[in-house]
Amino acid sequence: MRPYYLPATTYLLDDTQKPEFRECAERNGAVWLELVGLPGAKAGKINKALELTNEDFILVLDPDHIPFPEFFDHTLGYFDDPKVGFVQVSQAYYNQYRSFTAAGAAEQTYTFYGPTQMSLYGYGCSVAIGANCTFRKDALKSIGGHGIGLAEDLITAIRIHAAGWKSIYNPVVVSRGLVPEDFGSFCKQQLKWARGVFEVTFMELPRLYRRVTCWQRISYFTIGTYYLVGLTQFIFTLIPFLYFFTGILPANMEFADFLIYGSPVVLCAVAIYLFVQRWMCDPSTERGLHWRGMILKFACWPVFLMGFVLAVVNAEIPYIPTAKKAVTGYITPFVRPMIIHIVLFLIAVAGIVFYRRYYMPEGELIGSAERTWGMIAFAFLAFIMAVGGVYAALEARKMTVEEPWNNLDIKQL
């Protein structure tokens, strides 16, 4: 791809009504556009800016992202193909060191921006992800502008695909941004994303079903099922407690049999997960088991479930920008389900299982000893994950608020 050294104009889309942002834009050679009171949040401002500008290509960057000087060298060349509607590059971060939540939030993105997006690209299904996406202006105009919604990037991507444009994914790190640093901000982000993704699944995909390719239908539907993990995790979390109180099991087998038949599935899943890490965007730093990300994913199952329920009843939630600096000094209410889970586990194991096992007559026991200990083992794994979620929430009480770029060496990015 040939290098591009083209003049580019930076626009700051501002709705804060604070003069310091205008001063910042002018001081750094950017064009300040005051866009106050527009519907559609971020997407509404982008659409208004499209009316006020005449560039052929538009790079969307969130305020927390720092692009590298060679950014366009990795994107503009793809537009030599007149059917390319947008080019997405990877997202990477420079504040994941700040907290358990920040590290876990970054870990959750590694596989998506590596092998997942590259696989989607191979089938003509790569999607736009909010920031770091360069659009052809004609592609946006052909769909009536940037999509508006909680998952405005996904809405825009499926509409551009439905209009017949191609999408490109280039797995390079040419900018870095911020991930949420505290558990409460992370949960708000996930709730917005969950509700928005289901909006695409329930509304956009059925409406555009005949206008996208078979692989695009499959990919958008699969993306839409990701947040169903909230419902499935709720069921899996409930199973041990259901057994403790009633003796009901979802499968009529002993724990040893479950381990024998289930272990190959787990081993294959882990092997696949480690194998595909060869295609991560930054293999030197992104490889591993990503256990913090797994803990955060478990701790967010109530949030995912809430997003699913809100989508089913078509309830509106406001578009709230994700706080990227830590919100400190209090415990977020999003952690309450994890606290309830921990309390129920302690009650079930100490107050019911052991009491019934050692103090009740043999004929009144619920289930065999093997099944009981097996269910305790499953419940204990979920208990550990819940403890991790509580730790992430408690961490924000003592965090300090800082501007992450104060100690940032741009040359090392």
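Q: Which residues of H3 meet which ones in H11?
A: This is a predicted model, and in it Phe100, Thr101, Ala103, Gly104, Ala105, Glu107 and Gln108 of H3 meet Trp291, Arg292, Gly293, Ile295, Leu296 and Lys297 of H11.

Q: And by class, how do the residues of that contact of H3 with H11 divide?
A: Into six nonpolar, four polar and three charged.

Q: At what angle do the H3 and H11 axes cross?
A: Roughly 95°, and the axes come within 7 Å. H3 covers residues 100-122, H11 residues 291-299. Angles of 65 to 115 degrees count as roughly perpendicular, so H3 is roughly perpendicular to H11.

Q: OK, over to H5. How many of its residues are buried?
A: 10 of the 11 in H5, residues 152-162, so the helix is largely enclosed by the rest of the structure.

Q: Which ones are they, the buried residues of H5?
A: Glu152, Asp153, Leu154, Ile155, Thr156, Ala157, Ile158, Ile160, His161 and Ala162.

Q: What follows H5?
A: Glycine 164 does, with a positive phi near 95°.

Q: How do H5 and H6 sit, parallel or perpendicular?
A: Their axes cross at roughly 15° and come within 10 Å. Angles under 35 degrees count as roughly parallel, so that is what H5 is to H6. The crossing of H5 and H6 is right-handed.

Q: Who meets whom between H5 and H6?
A: On the H5 side you have Leu154, Ile155, Ile158, Arg159 and Ala162. They meet Val197, Glu199, Val200, Glu204, Leu205, Arg207 and Leu208 in H6. By class, the contact of H5 with H6 has eight nonpolar and four charged residues, with no polar ones.

Q: H6 packs with H7 as well; at what angle?
A: About 140°, with the axes 8 Å apart. H6 spans residues 183-208 and H7 residues 214-225.

Q: Which residues make up the H6 and H7 contact?
A: From H6, Val197, Phe198, Thr201 and Leu205; from H7, Arg217, Tyr220, Phe221, Ile223 and Gly224. They divide into six nonpolar, two polar and one charged. Val197 and Leu205 are also among the H6 residues that meet H5.

Q: Is cysteine 187 buried or exposed?
A: Buried, because its relative accessibility is 0%. Cysteine 133 counts as buried too, at 1%.

Q: Now some phenylalanines. Where is phenylalanine 345 found?
A: In helix H13, residues 336-359. With 6% relative accessibility, phenylalanine 345 counts as buried.

Q: What does phenylalanine 345 touch, leaving out residues up to four places away in sequence?
A: Phe241, Ile376, Ala379, Phe380 and Phe383. Phenylalanine 345 and phenylalanine 380 are 35 residues apart in sequence, with their C-alpha atoms 7.9 Å apart.

Q: And phenylalanine 244, which helix is that in?
A: H8, residues 229-246. Phenylalanine 244 is buried, with a relative accessible area of 3%.

Q: How far apart are phenylalanine 244 and isoleucine 352?
A: In sequence, 108 residues; in space, 7.3 Å from C-alpha to C-alpha.

Definitions and conventions
Residues are numbered from 1 along each chain as its sequence is written. This is a predicted model: local features need pLDDT of at least 70, side-chain atom pairs count only at pLDDT 80 or more; totals for chains, interfaces and linings use all residues. Side-chain values use heavy atoms; hydrogens and water are left out. Helices (H or I, at least four residues) and strands (E, at least two) are DSSP runs, numbered from the N terminus. Buried means under 20% relative accessible area, exposed over 50%, partly exposed in between (1.4 Å probe, protein chains only). Contact means heavy atoms within 4.5 Å. Axes are lines fitted to C-alpha atoms, for helices over the stretch in contact, and angles run from 0 to 180 degrees between N-to-C directions. Ala, Val, Leu, Ile, Met, Phe, Trp, Tyr, Cys and Pro count as nonpolar, Asp, Glu, Lys and Arg as charged, and the others, Gly among them, as polar. Angles under 35 degrees count as roughly parallel, over 145 as roughly antiparallel, 65 to 115 as roughly perpendicular and the rest as oblique. A crossing is left-handed if the near helix is turned anticlockwise from the far one by less than a right angle, and right-handed if clockwise.
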